[in-house]
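Please look over this model with me.

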Amino acid sequence: MSGNISSEKIDLLIYGPNKPIVDKGFSDQFVLHPFESRADLDRVSPAVAAKIRGAAVTYSTVRCDGAVMAMFPKLEIVASFGVGYDHVDANHAREHNIVVTNTPDVLTEEVADIAMGLLIATVREFIKADRYLRSGLWTTQQYPLSVGSLRDRKVGIVGLGRIGQAVARRLDASLVPVVYHSRNPVAGVKHKHYPDLIEMAKAVDTLVVIVPGGPSTAKMINADVLKALGPRGVVVNVARGSVIDEEALIAALKSGTILAAGLDVFAKEPAVPDELKAMQNVVLLPHIGSASVVTRNAMDQLVVDNLKTWFAGNAPLTPVAETPAKGR
Ligand code: NDP
């Protein structure tokens, strides 16, 4: 991990969708090489590939795996957009002395808002009630009372990191009891920690899932967890689609093993199973956790700032845990 400061031009790969803040964010000292997709990358000339020292990965729809990084022998840093970076092989990067950065913190409150909104929309049936009004039925009879309510619920947060804690604060303000599951207890937190997910699922009736994607969390919300949650159970997933066994979830919703679900993420986005779309007891969002103009702009800016800080000779602002860059 070197990152020399010199008057020479610095060549950057811009990998993924076009982003105005990234395109306009660099001085003349940088030369940008935009490639929108993996297929486009096959057209990078050897001369350009040999010069690339930094990469901006502008969205999680492009994978930056070991094969991609290996195309650029002088690569020092991969600045990825988003706090989740399961589309970037951070272990390969560490082994090859490449720093990876992500964009934490600037999206925390936005995603927590979506989690809380999705929970209330699911439990109090916002979407169903909206359809009811638009269909004209309200003029003939009142909307039926919702079976669900936040008033008699206890929430288990799966992953009490930055976003999980911001969700916990919102639930505290709403006077809803909260406990949590993660591998390690979080210091200074008043909420009860459950090292065992099934034990927590038995003790609550609502799960808000906000762990990272990747192998360690794959399908962790499975049939056993859903059964433990029980027939009043509500699952809200704003983490990654990979974290839930989607088939088990569909079966549990169909059979009444759990009551309802609010989902912002899916196993094979943007494909969403027709069975889920046909259900009345689910609220489905198209992965919009951080997707407001103000927050996405802040995330784009942090991608730019990580690269500029690195090439000014400093430690990157937000390295991921696998590549903890120290001051240089
Ligand atoms: P953090 O790293 O701050 O928190 C992650 C939490 O998950 C920690 O409490 C961690 O605790 C826990 N965790 C990690 N692995 C496991 C595991 N195997 N089993 C149980 N708990 C685990 O991340 P953020 O809160 O900033 O973000 C969380 C995730 O949210 C992101 O990685 C991303 O995938 C998702 N996200 C989704 C968005 C959307 O649009 N829907 C937007 C932004 C983020 P411990 O290590 O002790 O287990």
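1. Basis. This is a predicted model: local features need pLDDT of at least 70, side-chain atom pairs count only at pLDDT 80 or more, and totals for chains, interfaces and linings use all residues. Residues are numbered from 1 along each chain as its sequence is written, and side-chain values use heavy atoms, with hydrogens and water left out.

2. Domain layout. Domain 1 covers 10-104 + 293-311, and domain 2 covers 108-284. These bounds come from an automatic or database domain assignment. The two centres, taken over C-alpha atoms, are 33 Å apart.

3. Domain interface. Here 6 residues of domain 1 are in contact (heavy atoms within 4.5 Å) with 6 residues of domain 2. The buried area is about 460 Å², and carbon and sulfur atoms give 48% of it. Buried area is the accessible area (1.4 Å probe) that two parts lose on being put together, summed over both. Asp86, Pro104 and Thr295 supply 66% of what domain 1 buries against domain 2, more than any other three residues.

4. A salt bridge joins the side chains of Arg240 and Asp86, at 3.4 Å from N to O.

5. Ligand shell. Which residues come nearest to the ligand? They are Ile163, Arg183, Asn184, Val238 and Asp264, out of 27 residues around the ligand (a heavy atom within 4 Å). The shell divides into 11 nonpolar, 12 polar and 4 charged residues. Ala, Val, Leu, Ile, Met, Phe, Trp, Tyr, Cys and Pro count as nonpolar, Asp, Glu, Lys and Arg as charged, and the others, Gly among them, as polar.

6. Ligand oxygens. A side-chain N or O atom of Arg162 is 2.9 Å from a ligand oxygen. The backbone also takes part: an N or O atom of Ile163 lies 2.9 Å from a ligand oxygen, and a polar backbone atom of Arg183 is 2.8 Å from one. Taken alone, the ligand exposes 930 Å² (Shrake-Rupley method, 1.4 Å probe), and the protein buries 88% of that.

Definitions and conventions: A salt bridge is a side-chain nitrogen of Lys or Arg within 4 Å of a carboxyl oxygen of Asp or Glu. A polar contact is a pair of N or O atoms within 3.5 Å; within protein, one must be able to donate a hydrogen and the other to accept it, and residues adjacent in sequence count only if both atoms are side-chain atoms.
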